[in-house]
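Please keep the sequence and the 3D view at hand while reading.

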Amino acid sequence: MTDDLMKSSGSGDAGNSTHADEQRLYPKVRFRGFDEPWKNKKFLTFSSKITKNSTSDDIDFPRIEFENIVSGEGKLAQNRSKLNHIKSGIKFDKGDILFGKLRPYLKNWWLAEFPGVAVGDFWVIRAKDNRYFLYYLIQAPLFEKVSNYTTGTKMPRSDWNYVSNTFFKLPKIDEQEKIGRILDKVDSLLSLQQRKLELISALEKGLGQIIKQQNNKYGITFSLNNFLEIPPQIQARIKNKNQLLTVKLNLQGIARGVQRDTLSLGSTKYFIRHTGELIFGKQNIFNGSIALITKEFDGLATSNDVPSLKISNINPQFLFYLLKNPDFWKHTELIATGTGSKRVHIHDLLKLHIKIIPDAKYQAKIVSLSRNFEKIVLNQQIIVKECEKTKQFLLQNLFI
């Protein structure tokens with residue numbers, strides 16, 4: 001279907017005009033075979049807001065609340081079987097659109113796959129023509145802008161009177177159908193790839209649990225100072241921010257190593273770090289702020305808030321995989337000091353104990369498996385991002 005997409009030439013009598021108002025009647029990208037200008041229509045002329053409240057007869061209908069919808073993704077966070085509870089709300093049918101009017105920037109919208117009851121600050125919107133076109137219209141830039149003209153300060157809500165009387169540009173029904181269909185296919189592909197990423201990530205975490213179980217079963221307890229030592233501190237002369245290094249703080253990012261960051265040069269002293277050294281954030285290690293420096297980052301610098309440790313007597317990558325386990329972070333939180341911003345001191349860290357299997361071949365196998373998983377996860381993340389970019393491109397260019 002994407003082969004039928006083309007850059008809009010604005011063909012037709014109006015399209016050949018140089019007047020800006022006439023040119024605005026054509027999307028930037030459209031399907032082949034369509035050249036008529038779009039028409040201005042008020043939102044309320046092609047949609048309606050459902051206001052019928054649920055009754056006692058609707059007790060078996062699933063209830064949808066804000067927390068049940070994945071923000072910005074238009075899918076449910078729970079299975080339908082877990083949505084059965086007794087709360088009143090607006091009754092909706094399959095094909096209706098639930099739009100979260102409270103804090104609309106959160107993007108709580110969902111195209112109903114079954115009938116149910118919308119609980120809370122939802123608009124239940126029903127399309128008069130093509131529901132898929134309408135569903136993606138509310139995700140397009142103009143509706144997002146209009147819906148964010150809100151009333152209220154602490155609890156801002158979209159203004160239905162304003163939105164319903166706003167003019168939107170619409171094509172004929174057959175073009176609406178094509179637009180809705182292609183975006184639905186892209187959404188389905190995106191959901192599939194996101195699910196695949198979730199499963200791969202779960203397998204990666206499962207590998208970490210296997211390492212932990214094997215260590216608990218066969219491992220010997222060692223103090224970390226058997227494998228880690230403080231290397232000589234060589235002060236770096238920082239000429240630009242690209243020489244600086246910081247640790248990724250999110251759980252998903254730590255497995256990918258380290259990243260450059262735009263830190264402030266200031267008067268802070270920075271020290272050179274080398275390949276194979278383990279670095280960690282004193283303030284954040286119990287949140288997973290730990291990384292192993294790879295070749296591409298050799299010679300970069302960190303401050304004393306991100307100290308380094310030299311690894312010996314063990315496979316460096318294997319030790320890194322052990323230490324990035326959430327159970328290890330819990331131990332570091334116990335030894336953190338301070339009241340507001342807690343820190344872990346390097347000498348206290350070296351006193352911690354871990355269980356390892358002192359078998360070099362086993363360590364190498366685990367490292368190989370973990371690296372393969374990292375590559376697969378990273379590749380899948382790229383696929384998901386490309387799908388997201390495709391959807392955003394279509395939303396920005398198929399609509400006016």
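The following paragraphs treat a sheet, a cavity and several salt bridges in turn.

The model is predicted, so local features are required to have pLDDT of at least 70 and side-chain atom pairs count only at pLDDT 80 or more, while totals for chains, interfaces and linings use all residues. Residues are numbered from 1 along each chain as its sequence is written, and side-chain values use heavy atoms, with hydrogens and water left out.

Four strands form an open sheet in the order 4-12-9-10, with antiparallel pairing. Strand 4 (47-50) and strand 10 (109-111) stand at the edges with a single partner strand each, so one side of each has no neighbour in the sheet. From one strand to the next, the twist averages 25°. Strands (E, at least two residues) are DSSP runs numbered from the N terminus, and two of them pair if DSSP finds at least two bridges between them.

Strand 9 (residues 97-100) is joined to strand 12 (residues 122-127) by four bridges and to strand 10 by three bridges. I97 stands opposite I125 in strand 12, and its bridge partner in strand 10 is L111. I97 and F99 point one way from strand 9, L98 and G100 point the other way, and all are buried; buried means under 20% relative accessible area, exposed over 50%, and partly exposed in between (1.4 Å probe, protein chains only).

**The cavity**

A search of the whole structure finds one cavity of 30 Å³ or more. A cavity is a set of points on a 1 Å grid over the protein atoms alone where a 1.4 Å probe fits but cannot get out, and lining residues have an atom within 4 Å of a point. The largest cavity holds about 30 Å³ of space and is lined by F46, A127, D129, N130, F133, L134 and Q176.

**Salt bridges**

The whole structure has 14 salt bridges, each a side-chain nitrogen of Lys or Arg within 4 Å of a carboxyl oxygen of Asp or Glu. Three of them are listed here.

| Pair | N to O distance |
|---|---|
| E65 and K87 | 3.1 Å |
| R126 and D96 | 2.8 Å |
| D121 and R157 | 3.0 Å |

R126 lies in strand 12 and D96 in the loop between strand 8 and strand 9, so this pair ties together parts that are 30 residues apart in sequence. R126 is partly exposed at 28% relative accessibility, whereas D96 is buried at 2%. D93, D96 and R126 are linked in a network of salt bridges.

Conventions. Axes fitted to C-alpha atoms, helices over the stretch in contact; angles between N-to-C directions. 1 Å grid on protein atoms, 1.4 Å probe; cavity = no way out; pocket = protein on both sides within 12 Å on 5 of 7 lines; lining within 4 Å. Points joined across faces, edges and corners; volume = space filled by probe spheres on them.
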